[in-house]
Amino acid sequence: MTHTRGNFAFTDPPFKDGDTVRGGNFSQHTPGTEICKDVTRLVIEAGNYVNCVPQPGWTVRGGNWAQISRCTHLMDTIPKGMQECADNCSHRSATVQDVQITREEAAKLKTSAKAYVESERPDKDGLGEKVFTERKYVYADKVTQVGRPDRWPKEAAIGELER
Ligand SMILES: [Zn+2]
């Protein structure tokens, strides 16, 4: 069978021995995830295989095989089955960012015992206007490999993907 499309992200793809894959999304949550452990013969020409690792007998001629460690702090919704990052996860940068927030957001932080800074600046009428600033950590996804698996370099993290 030849597969040309379909979204099988975060599941084990429905490949069988002797299949050819020319497209579709088969990406996984976690870098280094082996897919289709019982399939020994497969030809892959294209498709999205982010965080997938092919089986040794497969012929890989194309596709996106980047390995990306994704940070759940950057997600609106966390995909099913993916573990939520801790506050001090490996994606957290040493730098912090001051982000202006609304009075309502500051009030919420107050109740959750998180830190914010309250300051005053003159508004357009020259009167004091309250400004609320939250000190936030910066998180980034980490790209650990790019390109096809047979060309992956040996080094670990080769860069960070900023959003
Ligand atoms: Zn993280």
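1. Start with the sheet. Strands β8, β10 and β9 form an open sheet of 3 strands, in the order β8-β10-β9, and the pairing is antiparallel. β8 and β9 (116-122) are the edge strands, since each of them pairs on one side only. From one strand to the next, the twist averages 30°. Keep in mind that this is a predicted model.

2. Look at one pairing in detail. β9 pairs with β10 (residues 128-139) in the antiparallel sense, over 7 bridges. Which residue in β10 is the bridge partner of S119? The partner is V131.

3. Helix α1 covers residues 103-111 and lies across β8, β9 and β10. Its direction is at about 60° to β10.

4. Step back to the whole chain. The secondary structure comes to 1 helix and 12 strands. Reading from the N terminus, the order of elements is β-β-β-β-β-β-β-β-α-β-β-β-β.

5. The chain has two assigned domains. Domain 1 is made of two stretches, 1-85 and 140-163. Domain 2 is residues 92-138. How many Å separate the centres of domain 1 and domain 2? The separation is 39 Å, with the centres taken over C-alpha atoms.

6. Check the overall dimensions. The radius of gyration of the protein chain is 22 Å, whereas a compact globule of 163 residues would have one near 15 Å. Along the principal axes, the C-alpha atoms fill a box of roughly 75 × 30 × 30 Å. Of the 163 residues, 16% count as buried. Take contacts between residues at least 6 apart in sequence: 37% of them join residues at least 24 apart.

7. Find the core. The largest nonpolar core has 7 residues in all: F26, I35, Y49, V50, C52, W65 and A66. Leaving aside neighbours within four places in sequence, I35 is in contact with D12, P13, F26 and C52.

8. Two residues deserve a look at their backbone angles. Most residues other than glycine have a negative phi. F10 has a positive phi, near 65°. N51 has a positive phi too, near 75°. Both are residues other than glycine.

9. Where do these two sit? F10 is in the loop between β1 (2-3) and β2 (19-21). N51 is in the loop between β4 (42-44) and β5 (52-53). Is N51 buried or exposed? N51 is buried, because 24 other C-beta atoms lie within 10 Å, and the cut-off for buried is 20 or more. F10 counts as partly exposed, because it has 17 C-beta neighbours inside 10 Å.

10. Finish with K80. K80 is placed in the loop between β7 (67-69) and β8 (92-101). Why does K80 count as exposed? K80 has 8 other C-beta atoms within 10 Å, and a residue is exposed if that number is 12 or fewer. Compare the position of K80 with that of Q67. The two are 13 residues apart in sequence, and their C-alpha atoms are 19 Å apart in space.

Technical notes:
Residues are numbered from 1 along each chain as its sequence is written. This is a predicted model: local features need pLDDT of at least 70, side-chain atom pairs count only at pLDDT 80 or more; totals for chains, interfaces and linings use all residues. Helices (H or I, at least four residues) and strands (E, at least two) are DSSP runs, numbered from the N terminus. Two strands pair if DSSP finds at least two bridges between them. Axes are lines fitted to C-alpha atoms, for helices over the stretch in contact, and angles run from 0 to 180 degrees between N-to-C directions. Two residues are in contact if their C-beta atoms, placed from the backbone, lie within 7 Å. Domain bounds come from an automatic or database domain assignment. A nonpolar core is a set of buried Ala, Val, Leu, Ile, Met, Phe, Trp, Tyr and Cys residues joined through C-beta atoms within 7 Å. The radius of gyration is taken over C-alpha atoms; the globule rule is 2.2 Å times the number of residues to the power 0.38.
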